[in-house]
Amino acid sequence: MRPRGRATVATGRGAVATGRATVVTGGDRPARPKDPSWARWCIVLGTVLTLLAGAVIVAKEALLSYALRSVAQQNLLGDTGNRAQQPGHASVTGAKNILLMGVDARPGQDPREPVRSDSIIILHIPASYDAAFLISIPRDTWVEIPPYDNGARQYDGGYDKINAAFAYGGNGLTGPAARSHAVELLALTIKKLCGVTFDGAGIVDFTGFQQVVNVLGGVDMYVDQETTSVSIGHNSKGETVVPFRQYTRDDGGQGLDPVPGVTPVVYHVGNQHLEPWQALDYVRQRETLPNGDYDRQRHQQQFIKAVFKRMLSKDVLTNPVRFNKVLDVAGKAMTIDSGGIDLADWAYAMRGVSGDDVVTVKTNEGTFNQSAGHGTAEDLDQNTINLLAAVRTDRVKGFLAAHPELVAGG
């Protein structure tokens with residue numbers, strides 16, 4: 001039960017924190033908040049797999065090999081993936097769909113404890129290889145998860161939120177085996193949901209992605225709505241402290257109690273250079289935003305594009321020391337399934353795609369679409385169902401031309 005005697009800020013969809021707050025643009029870098037929910041960093045996989053490696057392909061072959069040396073590869077999709085049959089180098093043709101997931105285990109979490117994927121994104125590459133589309137599947141989507149036996153535990157199948165498929169798939173396993181089965185069951189669930197199958201997959205951990213942003217020295221991006229941090233604030237002594245105490249309301253939503261004497265960090269609208277700690281804090285916020293996780297999802301997509309541009313900027317690509325360090329930490333942040341296609345071939349196929357060619361797409365019109373009778377879960381609306389059908393048949397460009405309102409800004 002929420003403690004009594006303090007002013008409260010109800011959060012979730014449609015509730016915004018109020019009160020005086022200021023932007024902090026300097027000072028000591030704050031410590032990482034306890035038990036964060038960082039896990040949407042999976043598109044850094046797409047960065048290295050497609051754009052970053054593609055930029056390197058114009059250089060010497062030895063440099064490309066160096067760029068890809070840190071990337072851990074594993075068969076994540078199992079029998080459900082569209083694996084290439086031809087060994088060795090080959091031309092990459094036809095539309096491709098890559099399943100990307102972000103996860104973040106809690107500090108000290110038992111490695112045997114199931115982990116849900118906090119981010120599920122389809123990277124759609126059309127057969128023209130002149131663009132890339134980022135389409136998030138809301139993690140709370142109510143779906144039918146098929147029966148699955150991972151060798152350690154058997155799941156009998158049933159209905160749940162889609163991110164639970166990842167947990168059920170890896171339940172009872174640890175390490176690479178857990179992740180492989182977790183991805184396979186999630187891919188099977190998406191196939192059952194909309195018929196989309198995958199040519200590759202990847203998992204990215206928060207810790208590794210944080211190091212990428214640190215090496216880049218932050219990012220330049222447009223903050224599209226005033227955003228109050230629930231994680232970082234400062235007291236009258238200038239010390240970095242948590243500005244809100246969080247609790248679960250009776251309706252299952254999350255509430256916030258402002259901590260007296262603490263001023264939260266606020267990110268104001270406009271073009272800004274965000275230091276690494278600011279950027280990572282900004283894109284994790286959802287509790288104080290009117291559309292909750294959808295606003296966070298949009299901000300993270302915008303942030304991903306900003307990271308794309310920074311990684312491919314002239315001052316990074318022409319600085320061997322920084323460039324090599326970026327590649328090294330980015331590679332260590334991910335585990336990928338290339339679908340049997342050599343990473344160099346992926347890179348060459350995507351050599352013409354830049355950060356500006358990455359299109360982020362709204363699902364459920366960018367708002368929470370309540371699932372009837374399933375509490376905090378949601379359903380996909382008809383436009384999203386049609387969008388996923390367009391992914392399956394490589395008609396995303398035409399679909400978005402008819403529905404430009406679904407293209408996210410920033």
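Student: How many aromatic pairs does the structure hold?

Tutor: Two. Keep in mind that we're looking at a predicted model. One of the pairs is Y155 with Y168.

Student: What makes Y155 and Y168 a pair, and why is the pair called stacked?

Tutor: Rings pair if their centres lie within 6.5 Å, and planes under 30 degrees apart count as stacked. Here the centres are 4.2 Å apart and the planes make an angle of 15°. Both values fall under their cut-offs, so "stacked" it is.

Student: Which elements does that pair link?

Tutor: Strand β8 (residues 154–155), which holds Y155, and helix α3 (residues 163–170), which holds Y168. The two tyrosines are 13 residues apart in the chain.

Student: Let's move to β3. How do you know that strand β3 is largely enclosed by the rest of the structure?

Tutor: Count its buried residues: eight of the eight in β3 (residues 96–103) are buried, so the strand is largely enclosed. Both faces take part: K96, I98, L100 and G102 point one way, N97, L99, M101 and V103 point the other way, and all are buried.

Student: What makes β4 and β10 partners of β3?

Tutor: The bridges do. Two strands pair if there are at least two bridges between them. β3 has seven bridges to β4 (residues 119–125), running antiparallel, and six to β10 (residues 200–205), running parallel. Both counts clear the cut-off, so both strands pair with β3. If you want residues to look at, K96 stands opposite I125 in β4, and L99 has A201 as its bridge partner in β10.

Student: Now the open sheet with the order β13-β12-β16. Why are β13 and β16 called edge strands?

Tutor: This sheet has three strands with antiparallel pairing. β13 (240–241) and β16 (263–267) each have a single partner strand, so one side of each is left without a neighbour in the sheet.

Student: β13 spans 240–241. How do you know that it pairs with β12?

Tutor: Two bridges join β13 to β12 (residues 227–234), in the antiparallel sense. The requirement is at least two, so the pair qualifies. In that pairing, G233 stands opposite V241.

Student: What makes the length of helix α9 close to the expected one?

Tutor: α9 (residues 320–332) has 13 residues, and at 1.5 Å a residue the expected span is 18 Å. From first C-alpha to last, the helix reaches 18 Å. Its buried residues are F323, V326, L327, D328, V329, A330 and G331.

Notes:
Residues numbered from 1 in each chain as written. Predicted model: local features only at pLDDT ≥ 70, side-chain atom pairs only at ≥ 80, totals over all residues. Heavy atoms only, no water. Buried < 20%, exposed > 50% of the residue type's maximum accessible area, 1.4 Å probe, protein only. Helix = DSSP H or I, 4+ residues; strand = E, 2+ residues; numbered from the N terminus. Expected span 1.5 Å × (residues − 1). Phe/Tyr/Trp six-rings, centres within 6.5 Å; stacked < 30°, edge-to-face > 60°.
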